[in-house]
Amino acid sequence: MGLNVVEWGDEDAPAVLLAHGGFDFAGTYDVFAPMLAAGGWRVVAWDQRGHGDSDHTELYAWSADMRDALAVLDSISTDPIPFIGHSKGGGITLQLAETVPHRVSHVVSIDGLPSPRPRPDVSDHERTRLLDSELADWLAHRRRSAGHQRRPGTLDELAARRGRMNPRLPQDWLRYLVTRGGREDADGWRWKIDPVMRFGGFGPHRPQWTLERLPGLAPPMLGFIGLAPEPMGWGTQPDELDPYLPPGAQMEVYDDVGHFVHIERPRQVADRILEFLA
């Protein structure tokens, strides 16, 4: 399986690993990443399997994404480097830091820390029944989706679809994302992401598992949280994270920013990260 890897900056500069969120692609960093590169870093990102220009595959699972992340890391450097991740990518980089702690120097999470609020508890018997139903539904979805293509549309129609998930992003950004995360076929534009994939299809994984890893995180950590509600966001409140943060962790909280902090405030986020890495 082939992974599409994207780089910004001088290839001889110190490297930083950058992971995108679910249902996204490396192109969402096209404004933010060059700012880090201009600060003296070789910024390396990749399209996760089934996303962007990476290959579609039979297996979509958190463990597979972890193996892909390690493969990209191995292609960059054997020395400790900073890990930066947005949303799902924040969870990937945190687990990668736990798995290969000798390979990471700093960890930056861009709105990638989930809320610890638990789901309503159920009995063990009911939990088993729900799991059985969830797995059956997922397998049925895979069978229905086999061989499907995503629905085509005009560039503006795809931008409008994305806008329902990212209502805070301006129209110019939404149109640009279509040109990076979509392709133009004879019948119109369609998103490149594998039609088999759907939200919640990255398991087995639960967001709370990310929080459980935080207290033991050894490298310096910087986190960003956008408090403006957005469909793709976590809805995490800063005080919820206090019991989980490792010693010395630094947090930046923005009241008027949504889930895509690095798109709404690229200069501010890049400058704060460059300061942190220095």
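Colleague: How many strands form the open sheet, and in which order do they lie?
Modeller: The open sheet has 7 strands, and the order across it is β1-β3-β2-β4-β5-β8-β9. The pairing in this sheet is mixed. The model is a predicted one.

Colleague: What makes β1 and β9 the edge strands?
Modeller: β1 (5-8) and β9 (250-254) each pair on one side only. From one strand to the next, the twist averages 15 degrees.

Colleague: How do you know that β5 and β8 pair?
Modeller: Two strands count as paired if there are at least two bridges between them. Between β5 (residues 104-110) and β8 (residues 221-226) there are 4 bridges, therefore the two strands meet the cut-off. They pair in the parallel sense.

Colleague: What makes β4 and β5 a pair?
Modeller: The same cut-off of at least two bridges applies. β4 and β5 are joined over 5 bridges, in the parallel sense, so they qualify as a pair. Phe 83 has Val 107 of β5 as its bridge partner, and His 86 has Ile 110 of β5.

Colleague: How many bridges join β2 to β4, and which way do the strands run?
Modeller: There are 3 bridges between β2 and β4, and the strands run parallel. At least two are needed for a pair, so β2 and β4 pass as well. Leu 18 has Ile 84 of β4 as its bridge partner.

Colleague: Why is β4 called largely enclosed by the rest of the structure?
Modeller: A residue is buried when its relative accessible area is under 20%. In β4, 6 of the 6 residues are buried, so the strand is largely enclosed by the rest of the structure. β5 is mostly covered, with 6 of its 7 residues buried.

Colleague: Why is Phe 23 called buried?
Modeller: Phe 23 has a relative accessible area of 17%. The limit is under 20%, so Phe 23 is buried. Phe 23 sits in the loop between β2 and α1 (32-38). Phi of Phe 23 is near 60 degrees, a positive value in a residue other than glycine.

Colleague: Why does Ala 13 count as buried?
Modeller: The relative accessibility of Ala 13 is 18%. That falls under the 20% limit, so Ala 13 is buried. Ala 13 belongs to the loop between β1 and β2.

Colleague: What does Ala 13 touch, leaving aside residues up to four places away in sequence?
Modeller: Ala 13 touches Gly 40, Trp 41 and Arg 42. Trp 41 is 28 residues from Ala 13 along the chain, yet their C-alpha atoms are separated by 5.3 Å.

Colleague: Which residues lie nearest the centre of the second largest pocket?
Modeller: Phe 23, Arg 150, Arg 161, Trp 191 and Ile 193 do, out of 16 lining residues. The volume of this pocket is about 410 Å³. By class, its lining has 7 nonpolar, 3 polar and 6 charged residues.

Colleague: What supplies the largest share of that pocket's lining?
Modeller: Helix α5 (residues 155-165) does, with 4 residues. The buried residues of α5 are Leu 155, Leu 158, Ala 159, Arg 161, Arg 162 and Gly 163. What covers them includes α6 (171-181) and β7 (188-191).

Colleague: How many helices and strands does the whole chain have?
Modeller: The protein chain has 10 helices and 9 strands. Of its 278 residues, 53% count as buried. Among contacts between residues at least 6 apart in sequence, 77% join residues at least 24 apart.

Conventions
Residues are numbered from 1 along each chain as its sequence is written. This is a predicted model: local features need pLDDT of at least 70, side-chain atom pairs count only at pLDDT 80 or more; totals for chains, interfaces and linings use all residues. Side-chain values use heavy atoms; hydrogens and water are left out. Axes are lines fitted to C-alpha atoms, for helices over the stretch in contact, and angles run from 0 to 180 degrees between N-to-C directions. On a 1 Å grid over the protein atoms alone, a cavity is a set of points where a 1.4 Å probe fits but cannot get out, and a pocket is an open set with protein on both sides within 12 Å along at least five of seven lines; lining residues have an atom within 4 Å of a point. Grid points are joined across faces, edges and corners, and a volume is the space filled by probe spheres set on the points. Ala, Val, Leu, Ile, Met, Phe, Trp, Tyr, Cys and Pro count as nonpolar, Asp, Glu, Lys and Arg as charged, and the others, Gly among them, as polar. Buried means under 20% relative accessible area, exposed over 50%, partly exposed in between (1.4 Å probe, protein chains only). Contact means heavy atoms within 4.5 Å.
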